[in-house]
Amino acid sequence: MEILKNKSNRFDAIVIGSGMSGGFAAKELTEKGLKVLVVERGKEVKHIEDYDTAMKAPWELPHKDKLTLRSAEERWANNRFNNMAKDDIEHFLTNDKENPYLEKRPFDWIRAYHTGGKSMHWGRQSYRWNKQDFEANAKEGIGIDWPIRYDDLAPWYTYVEKFVGISGQAENWDVLPDSYFQPPMPMNAPERYFKDRMMEKLGRKVTIGRIANLTKPEPQQLSLGRSSCQYRNKCARGCPFGGYYSSLSGALPSAFKTGNLSIIHDSIVQEIIYDDQTQKAKGVRIINSQTSEVMEYFAKIIFLNAGAMNSAAILLNSKSNRFPDGLGNDSDQVGRNIMDHQLGVGANATIEGFLDDYVVGSRPNALYIPRFRNWGSDKAKNFSRGYGYQGGASRKGWNRGNGMQGFGADFKDELSQPGEWTFGFGGFGEILPDSSNRMYLDPVKKDKWGIPLIVFDAAFNDNDLAMRKDIMENAMEMLETAGFKQVVGYDRKEVHIGLGIHEMGTARMGLDPKSSVLNKFNQVHSCKNIFVTDGAAMTSASCVNPSLTYMALTARAADYAVNALKNKLI
Amino acid sequence: MNRRIAMKYVSTMLGLAISAPTLSALDKFSQKKLFNQGQKANFLSSEEFNMLEEITELILPKTNTPGAKEAKVAEFIDLVLADCYIEKEKNIFREGLQNLLNTHFLTLTMSQQISFLQDIEIASFRNRNLSNETDFWRILKELTLLGYFGSEVGIKACFDYRPVPGKLENVKWEKGMKMIAY
């Protein structure tokens, strides 16, 4: 990737962050002719070339799937997610020891400071919000109303989906609007059986996961060098085939093609510079993380896409005469209303039969069971909103040997054969906006670059906990109803807000500047040339995976921004 | 056949379009150094190590496929104990080995050795119902299986290794098929 060569520090637009939404902002703005600077706080990762572990065989990873003590210590927060910073992807997860944060109440903050951010190893599940998702806050008197509706976003969903490439099955369900799909991945035999039983016995819907992996690439994707998913299921290492969408495989290469993109790495935005005279933001002040050199860059508009928590932190740290409590923070809502999705609760079972069924290829995808709670005639007694499930069936492999008694020649031969089928799924539950769930900047403690540390003060409330209980109970009931055996529910007690890695809400959109930070085009109410289009913008959380919505909001906001610039509205 | 040629072959077979940058990168991947290299640990003494080798071979012996010794399972265990296990677990494991050394395990006949290990396993499974605390046998067996079925020798002997399957297909399992490893 091209490093900033010319000495100029003036651009049409600055995009802060190169991840899921920042990458998309860069693509849209450059394609519309703007000269764009992307500022990435982490190291440079080159698409394909820097996916060091992508083609490593299992035996080439020295510790295989064991977590090193060093990783556990350095990546203490990232490893709260299933000890994920192992040999295969540790280098794509942030060193938490060098980038500390504070927990007044525990918050699981998973970060990826490098080109492409978390889009490098996201779960790729991609779902549109439904109409209700945008209307529920107003109807139920929870939080504030969204300033947009489904129809405002629908064309932008389609636009994003055509570029990204989403594989899935069209179902025509209100609860889960269809996307523009590439062909669905197949379900395996026990999953098809499960799907039929759920509809027959419980009237519950099951579909194959909708996922940003290519199954039939179209010219838009092929022209970027992306090809079909190879069913290796090693997406998180980076895909040398461009089989799944990331900012690195899609948006950034597209932006580079325009010749309008510059990108700088190792550049931490300390603050957005506000100009009291023009009453607009005029640029950003960055600190080079390696040299500590301070630089300023200027632009007509700024897209803030640092990830929900860091975007809010940048606003809070951007203080001026006009904004003593942080840029755009007249409402005191910056940093509040942290939302995420419930994770770490579900059930598992074993399946009798299907022993002559097997699958070739490792599917990087699962089943999706859309929300049924508090939907239509269903009413949960003790909580609002709902949840979806993700999971599926697979055959046990050699590692079942750990739970078996015995060893020796027969044992070894047995483990070389596939075991019985198991079925498992977990819930993704909607968390409600709550102004007491917040993050703020510590008044004293700073990181090694002198930037105040983020303090988290958030926790599940009664609604969330009641929902968790229901997620587990229903998962068990569904597996039992399917006739599966040894059904075991789980609800991991060590899970905190954040672990869903869908953090949202810290600069929410709304109609009223008194209770929200952004307007219906993601502009900061009180500083119209700043657009925040990452998870921070979310007014409620839905229960579906959010990245597709971030990208659609970003494309919509970029379109508005470029028109507004042309018409001298900003 | 280097990886690039192999990939060209695979992609032609499957009729897939693999881009030039992907192909050129595949060439370079084999030289990529890992973030976590893993150094030879020498955590165990040579006496402990030699006995561990014999025990892993009893757990996964050479049959028509290679055994744990050939897959260098003890070396893996030595490395992982050093790099991944906390002090308490390290001590549990070492103590387990020392107990066996004290009984002169290696001087026993093979059938005595096997019944000795069976006793340890039975006790371990009994403990599992009472407590979540790990024990010598649990660590030993888990790492032996991981070390073997995650090794090049083990994977290539026991499984059908397909690093780039290129397709996803429901099939019928038939006798003589091998589990696929990815």
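Colleague: How many cavities of 30 Å³ or more does the structure hold?

Modeller: Four of them, and bear in mind that this is a predicted model.

Colleague: What makes such a space a cavity rather than a pocket?

Modeller: A 1.4 Å probe fits at its points but cannot get out, whereas a pocket is open. About 90 Å³ of space lies in the largest cavity. Its lining has 14 residues, and those closest to the centre are Arg232(A), Asn233(A), Lys234(A), Cys235(A) and Cys239(A).

Colleague: How is the lining of the largest cavity divided by class?

Modeller: Into seven nonpolar, five polar and two charged residues.

Colleague: Let's turn to chain B. Why are α6(B) and α7(B) called roughly perpendicular?

Modeller: The axes of α6 (residues 110–130) and α7 (residues 136–149) of chain B cross at roughly 110 degrees. Angles of 65 to 115 degrees count as roughly perpendicular, and the two helices are therefore described that way. Their axes come within 8 Å.

Colleague: Which residues meet where α6(B) and α7(B) are in contact?

Modeller: On α6(B), they are Leu117(B), Ile120(B), Glu121(B), Ser124(B) and Arg128(B). Their partners on α7(B) are Phe136(B), Trp137(B), Arg138(B) and Lys141(B). The contact comprises four nonpolar, one polar and four charged residues.

How values were computed: Residues numbered from 1 in each chain as written. Chains lettered and ligands numbered in written order. Predicted model: local features only at pLDDT ≥ 70, side-chain atom pairs only at ≥ 80, totals over all residues. Heavy atoms only, no water. 1 Å grid on protein atoms, 1.4 Å probe; cavity = no way out; pocket = protein on both sides within 12 Å on 5 of 7 lines; lining within 4 Å. Points joined across faces, edges and corners; volume = space filled by probe spheres on them. Nonpolar A, V, L, I, M, F, W, Y, C, P; charged D, E, K, R; others polar. Axes fitted to C-alpha atoms, helices over the stretch in contact; angles between N-to-C directions. Helix = DSSP H or I, 4+ residues; strand = E, 2+ residues; numbered from the N terminus. Parallel < 35°, antiparallel > 145°, perpendicular 65-115°, else oblique. Contact = heavy atoms within 4.5 Å.
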